[in-house]
Amino acid sequence: MKGNKNQYQLVLVLNPKTDDKENIIKKVTTWLETKKVESTQVHVGLKELAYEIEKNNKGDFWTLDLNSKSPIKLKEFNLLLNRESNIIRYLILKKE
């Protein structure tokens, strides 16, 4: 592999009505830090959704660039993201 790095991009869509968005992002980044994954987060902002999700027409979008020396255990990561009720959608992409 190139440089022995695994690179991912995580896109999170949060419920725009929640007040603790920073706490949700902190929870995700803390989990990543325990797995020795470096992350860089960018708040994209409030965007109109193409279709209604959980009675929301808008979503608060965040992107996180992730770098780790070993592959992320996606089953564990999916469990964390699915348990958080204020994350209405997410997408994990592996970069080549």
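I began with Asn86, which sits in the loop between α2 (74-83) and β4 (87-95). For these labels, helices are DSSP runs of H or I with at least four residues and strands are runs of E with at least two, numbered from the N terminus. The model is predicted: local features need pLDDT of at least 70, side-chain atom pairs count only at pLDDT 80 or more, and totals for chains, interfaces and linings use all residues. Residues are numbered from 1 along each chain as its sequence is written, and side-chain values use heavy atoms, with hydrogens and water left out.

Is Asn86 buried or exposed? I found Asn86 buried, at a relative accessible area of 17%. Buried means under 20% relative accessible area, exposed over 50%, and partly exposed in between, with a 1.4 Å probe and protein chains only. The Asn86 side chain makes a polar contact with the side chain of Thr18 at 3.3 Å. A polar contact is a pair of N or O atoms within 3.5 Å; within protein, one must be able to donate a hydrogen and the other to accept it, and residues adjacent in sequence count only if both atoms are side-chain atoms. Neighbours within four places in sequence aside, I listed the contacts of Asn86 as Val13, Leu14, Asn15, Thr18, Asp20 and Ile24 (contact means heavy atoms within 4.5 Å).

Next I looked up Asn57, in strand β3 (residues 56-68). Asn57 is partly exposed, with a relative accessible area of 44%. Not counting residues up to four places away in sequence, Asn57 touches Lys47, Glu48, Leu49 and Glu52.

I then traced the sheet. It is open, with four strands in the order β2-β3-β1-β4 and antiparallel pairing; two strands pair if DSSP finds at least two bridges between them. At the edges are β2 (38-53) and β4, each pairing on one side only. β1 (residues 6-14) and β4 pair in the antiparallel sense over eight bridges, and Gln7 stands opposite Lys95 in β4.

Helix α1 (residues 21-34) lies across β1, β2, β3 and β4, and runs at about 25° to β3. Axes are lines fitted to C-alpha atoms, for helices over the stretch in contact, and angles run from 0 to 180 degrees between N-to-C directions. α2 also packs on the sheet, touching β1, β3 and β4, and its direction makes about 160° with that of β4.

Last, I checked the sides of α2. Phe77, Leu80 and Leu81 are buried there. They lie on the same side of α2, because they cover an arc of only 95° around the axis, taken from the directions from the helix axis to the C-beta atoms. The cover over the buried residues of α2 includes β1, α1, β3 and β4. On the face turned away from the buried side I noted the exposed residues Lys75, Asn82 and Arg83.
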